[in-house]
Each structure stands twice: as structure tokens, then as C-alpha cells.
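Good morning, and thank you for coming.

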Amino acid sequence: MKDLFVEIWESVRRNKMRTILSGFAVSWGIFMLIVLLGAGNGLMNSFLQGGSGFATNSVSVGGGWTSKPYDGLKAGRRIRLDDGDVAVTGGDLFAENVDQVSATVGTNATVNYGKKSINGYIDGVYPAAQEMEKRVLLAGRFINDKDIADSRKVVVIPESTAWSLLENGQDAKTLVGKHIKVGDLAFQVVGITKADRMRNSRDLYAPYTTVKTVYGMGQEVGSISFTTKGLDTEKANEEFEKQYKSVINLRHRAAPDDDRAIWVWNRAHQDVEMKQGRNILSTALWIIGLFTLLGGIVGVSNIMLITVKERTHEFGIRKAIGASPWEITKLIISESVTITAVFGYIGMFLGMVSCMILDKTVGQAKMSIMDDEIAMLVNPGVGLDVAIEATLVLIIAGTLAGFFPARKAARVRPIEALRAE
Amino acid sequence: MLIELKDVNKTYNNGQPLHVLKGINLSIDSGEFVSIMGASGSGKSTLLNILGILDNYDTGEYYIDGRLIKGLSERQAADYRNRMIGFIFQSFNLIGFKTAVENVELPLFYQGVSRSKRHALAMQYLDKLGLADWAGHYPNEMSGGQKQRVAIARALITQPKILLADEPTGALDSKTSEEVMQLLGQLNREDKVTIIVVTHESGVANCTNKIVHIKDGIIGQIEDNREHSASAFGINTTMK
């Protein structure tokens with residue numbers, strides 16, 4: 001083994017410039033691969049962080065229209081969710097998979113504050129909605145259990161709604177404790193949540209019970225949301241949805257297998273899509289990176305061909321004194337792998353350093369999308385898995401680069417090789 | 001017989017077919033010191049290449065120590081060359097970026113001998129040829145005679161059955177040529193090494209005990225030269 005490295009070192013030492021130039025191409029290829037994948041990861045992380053308006057294990061349910069006749073009723077009937085559905089969802093039947101349950105009921109209302117007036121939408125929610133919808137409080141508090149129990153006239157409003165109620169330049173937080181007029185009634189603002197680019201700026205959150213009583217909605221429920229547990233696979237999610245739909249459908253005298261009677265929006269699926277998107281992005285980046293690397297491989301292969309040509313006479317001597325073709329092949333391929341690996345690792349190291357620099361510079365920059373600030377890159381960089389994969393790629397690339405020159409060297413007959421100069 | 005050639009033919013087919021060896025029959029016994037002499041184009045180098053398993057022949061049979069050398073794979077041929085044949089070339093053919101001792105070690109490297117063992121053995125052979133002090137030098141730091149002695153040490157280290165020398169003095173001055181030929185004679189006498197020298201110089205051939213004349217691919221006269229009187233310059237003279 002040591003002898004082999006001595007041989008390689010000798011060969012490289014004699015052709016420093018040439019080795020460095022071709023090695024640079026490999027370094028560059030791997031550098032690009034690592035930086036691309038690192039930046040891609042950063043971008044993906046930023047999407048995941050910025051776009052996660054809901055907990056990924058949350059499910060929303062709403063009423064729909066039946067699409068099949070059932071139990072003597074014809075298709076095309078409107079299904080409205082009611083309190084019974086909320087009770088069933090949170091009941092023993094689904095206790096295994098359902099964690100927290102929240103229901104909403106909402107209606108349009110004119111909202112006034114001072115001279116400003118907007119056409120708002122008041123949403124009756126449960127305290128659990130805060131976690132499910134990932135509402136970030138900027139000031140005050142969210143709707144709590146006592147608000148629900150007492151049907152208090154309080155509201156929590158998103159920053160964006162607050163801005164539409166305030167004069168330009170006023171801080172949204174100043175609204176906490178103030179009273180605003182919703183329809184004919186005065187509600188006290190108890191909290192401000194962070195603006196969400198996925199919602200419009202006319203939402204207000206009030207206790208579920210308050211909205212129900214004030215607007216006389218009886219048993220009717222706008223939508224039900226709940227968080228799930230123990231549903232780890234796509235298949236488990238689908239099973240659960242099917243079962244859930246059949247139970248709720250039957251409560252409303254709709255066919256158990258009617259997909260349209262109620263709609264179920266399970267974010268678990270969105271999560272899967274997100275992961276698929278991530279895979280596609282990363283595959284695309286790998287392909288770009290590998291093609292960049294290909295240039296380097298061709299460079300090394302080229303150098304090895306020249307080396308083989310220059311050393312033909314030497315290989316002739318080696319063959320004359322007993323080197324088998326395999327010994328010669330081994331020499332060329334290991335030289336190629338060594339050059340590729342050493343320069344590849346330099347490129348990988350520099351790539352990782354660049355990812356760190358990216359993190360410290362571009363990673364800190366925020367961009368503003370629809371009033372929502374998100375970082376451009378979050379934790380750019382590659383993991384150990386990519387480093388190992390890249391190492392494998394390098395070894396394969398080096399072998400490939402050395403293979404054809406090595407075969408050429410091994411095939412030259414010793415008598416011809418000895419004649420070469 | 002150590003070496004037996006029976007009706008060996010060789011034709012080169014580069015454009016115009018060239019029949020180089022036209023039925024060579026030759027036997028060389030163990031311990032002989034033979035020269036193959038002929039003008040350029042006589043086929044002597046081709047014969048040497050076949051003897052050294054560097055080239056193959058078309059028809060006939062070639063035995064080394066009773067073993068038929070024919071249709072070998074490259075790997076097998078390399079192994080036979082390594083174990084049975086030592087080469088000495090006109091242009092020395094040392095590897096330039098390896099020191100004298102590393103050059104001598106190389107055949108043992110291909111036998112898989114351990115580093116320390118082959119180094120010790122190589123030093124022993126260099127010492128035998130009076131080059132122990134030059135072990136760490138590179139070929140370009142040595143004189144022609146020294147280089148050829150390194151090459152001889154490299155050829156001897158595997159204790160081959162045959163030592164093949166292709167114009168061993170071709171690149172040396174007359175004094176050094178004489179020294180090298182005397183060295184070969186000494187190895188033959190004292191260590192019983194079988195040596196075959198290919199040359200076109202009668203002086204070199206005169207140092208050997210048997211001279212095989214080859215002309216136009218056919219072996220002519222085989223001269224017994226134990227008296228070393230074949231040279232035009234008289235008994236025991238070597239040179240050019």
C-alpha cells in the first residue's frame with residue numbers, strides 16, 4: 001500500500017502544474033455541488049419555516065354537497081356541520097387518533113375603530129386554534145377557556161387587520177385593551193398576532209361561544225379543526241380520513257363513501273408534497289452538480305492519458321521485469337482516484353466553508369413577502385449523508401477517469417512499450 | 001537442456017509481411033555463456049525478444065527448463081519473465097525517478113516480497129557489484145558503467161534461470177565495456193549464471209564461451225569459443 005502511494009506521489013510530483021490544473025476542475029465540480037445543495041437546503045428550510053401556517057398534523061373539516069343518493073335522499077344536498085359533529089370528533093370513537101379539537105364559526109361583519117371602517121370577518125374559535133394554526137402572539141393573549149365559558153366579547157386580531165384599522169404608521173400593539181365595534185357590539189381587543197401572508201387582512205378571532213350566541217347560529221358549525229396523533233404514514237392518514245368521513249357522513253344521512261359530502265383537508269398530505277418538492281429540487285441540484293463535476297472528470301482522464309503516453313517506456317520496463325497488466329492498471333487507477341479524491345475533498349471543504357459564509361451573510365438577509373418577513377436561507381449546508389455520497393461519487397469518478405487510460409496502458413505490448421521514447 | 005528452440009518461425013505483418021526468423025533450432029544448456037551474433041536485420045533482436053517472452057512466435061516450440069512457452073496470457077508471461085529471466089538492456093532501462101536500490105528492488109516488488117526484505121536483498125546485490133555507496137543515487141547521477149551494473153543487479157535479484165543481455169555494451173566506452181563483459185564472465189564462472197548476450201560486435205562475442213551466428217533469420221555457424229580467440233584482435237581482447 002505504501003509503495004503504491006510512493007509511486008503516485010512520484011508521478012504527481014513530477015507533473016505538479018498539470019496535476020493542479022486538472023485537480024482544480026474536480027475541486028470546482030465538487031465545490032459547486034456542495035454549494036448548490038447547501039443553498040438548496042437553505043431555501044427549502046426557509047420555505048418550511050415561512051410557509052408552515054398550520055401544524056402539519058392538523059386536519060380541517062367543512063360541510064359540502066352530497067354527490068350520491070342515499071337513504072332515500074337525492075344527491076346534491078347541502079351538508080352543514082353541527083355541534084354533534086364536534087362532539088363525535090372529540091369523542092371516544094376517534095380518541096386514538098384525535099388530539100385537540102377546535103371548531104370555528106364565522107360571519108362577515110363591519111368593523112369600526114375611530115374613523116376607520118372595514119368589512120371584516122369574525123371567526124369564532126377555540127383556544128386550541130392558536131397552536132393548530134400557529135398563531136404567534138405579538139402582544140396580549142389569545143382566546144382562553146374562560147372567554148369560551150363566559151362567552152366574553154373579546155377579540156384577537158392579526159397585525160394586518162390592525163393596520164387596516166389604524167392610521168398609517170401607528171403600532172398595531174397599541175390596540176390591545178381598546179374597544180372596537182363589530183357590527184353593533186363593542187369587543188375588547190385582548191391580543192395581536194403576527195401577520196400571516198396566507199390570510200387576508202380582515203380576520204378577527206373571537207370566542208367560539210360568543211360568535212354563536214351573538215349571531216344566533218344554533219347548532220351550526222363553520223368548520224372543525226383537529227390535530228391528529230399516531231398517523232405516521234400516508235396510508236394511515238388515508239385510512240383515518242376514510243373512516244372519519246363515513247362516520248360524519250352517516251350522521252347527516254349521506255353515503256359513507258361519498259367523498260363530497262364533507263371536505264377534509266389534511267395537512268399531512270401537504271407535508272408529503274413538500275417533501276416531494278424538496279426531493280425534486282435536490283435531485284435537480286445533484287444533476288447540475290454532477291454535470292459540473294463531469295468537466296473535472298474529463299480533465300483528470302485527459303491528464304491520465306497524457307501520463308500514460310509519457311510513461312509508456314517506463315511501463316515497458318516494468319512489464320519486462322515482471323509487472324502484470326493488472327499492476328499497471330492499478331497504478332493508473334489509484335493515481336486517478338487519489339488526484340480526484342484529494343482535490344475533491346479540497347473542493348468539498350471549500351464548499352462547506354462557503355455554505356457557512358452564505359449562512360452568515362445571505363442567510364441573515366430577510367425578504368418581505370406580503371407583510372411577512374422570512375429569511376432567504378435557513379441553515380444552508382449539507383449533512384453527513386451528502387458528504388458520504390459525494391465521497392462515493394468522487395471515488396467512482398476517479399475510477400472512471402482512470403479506467404480508459406489504464407486500459408490503454410495495460411494493453412501496450414512490452415516490446416512496443418520498450419521501444420517507445 | 002535449459003533452453004530449447006525447435007523450428008521457431010516469426011513473421012511480422014506490418015504491411016509487407018517480413019519473415020524474420022526462418023526455423024530457428026537452438027539448445028542452450030544451464031551454465032552456458034553464449035553470444036548471439038549477427039548484423040542488424042539478422043533477426044537477433046527478435047530472437048532475444050522471443051527468448052525473453054517479450055514477443056511471441058508464430059510456429060515451432062520454445063521450452064525453458066522443459067516448460068513450453070507458447071500462447072501465454074500477459075499475466076502469465078509477466079510472471080515467467082519475473083521469475084525466470086533477467087534482462088540487461090543496451091540503454092540500461094532504469095526508472096529515472098527511482099534510486100539505484102529502488103530500481104534493483106522492483107522485480108521483488110512484483111513478486112510481493114516485503115519492503116524490508118527486498119531492500120536488504122537489493123543492498124546485498126548492489127554491494128556484490130560494488131555499488132553499495134551509490135544505493136541512494138538516481139540513475140542520472142551515475143556513469144554508464146554504474147548504471148549497467150545497477151541493471152545487472154536488478155536482473156540478478158530474482159535469481160533467474162537465464163540472464164538475457166541485449167547489446168549490454170552498446171552505450172558504453174571501451175574500458176567500461178570490458179569491465180561489464182568481465183563482470184558477466186565472472187558471474188557465469190563463479191555463480192553459474194546462464195547468460196545469453198546479443199551483439200553485433202565481435203569483440204563482445206569473443207568474451208563468451210559460445211558464439212551463435214545468425215544471418216537472415218537462420219542460424220549459421222555455432223562456434224566454440226572457450227579459447228576466446230574469435231576476435232580479430234587476438235586472444236582475450238574484447239574491444240571495438
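Which residue of chain A does the side chain of B:Lys98 meet in a salt bridge? The partner is A:Glu7, at 3.0 Å from N to O. A salt bridge here is a side-chain nitrogen of Lys or Arg within 4 Å of a carboxyl oxygen of Asp or Glu. The rule finds two salt bridges across the interface of chain B and chain A.

A word on the source: this is a predicted model, in which local features need pLDDT of at least 70 and side-chain atom pairs count only at pLDDT 80 or more, while totals for chains, interfaces and linings use all residues. Residues are numbered from 1 along each chain as its sequence is written, chains are lettered from A and ligands numbered from 1 in the order in which they are written, and side-chain values use heavy atoms, with hydrogens and water left out.

Let us stay with the interface. Contact, meaning heavy atoms within 4.5 Å, links 23 residues of chain B with 22 residues of chain A. The size of an interface is often given as the accessible area lost when the parts come together. Between these two chains the buried area (accessible area lost, 1.4 Å probe, summed over both parts) is about 2200 Å², and carbon and sulfur atoms give 58% of that.

We now turn to the sheet in chain B. Helices (H or I, at least four residues) and strands (E, at least two) are DSSP runs, numbered from the N terminus, and two strands pair if DSSP finds at least two bridges between them. Six strands form an open sheet in the order E6-E7-E8-E3-E9-E10, with mixed pairing. Strands E6 (85-88) and E10 (218-224) of chain B each have a single partner strand, so one side of each is left without a neighbour in the sheet. Strand E9 (residues 210-215) of chain B runs antiparallel to E10(B), joined by five bridges; B:Ile211 stands opposite B:Glu223 there.

Finally, the interior. A nonpolar core is a set of buried Ala, Val, Leu, Ile, Met, Phe, Trp, Tyr and Cys residues joined through side-chain atoms within 4.5 Å, where buried means under 20% relative accessible area (1.4 Å probe, protein chains only). The largest such core has 78 residues, and B:Ile24, B:Leu51, B:Tyr62 and B:Ile162 touch the most other members. Beyond its neighbours within four places in sequence, B:Ile162 is in contact with residues including B:Leu2, B:Met84 and B:Thr194.

Definitions and conventions:
Buried means under 20% relative accessible area, exposed over 50%, partly exposed in between (1.4 Å probe, protein chains only).
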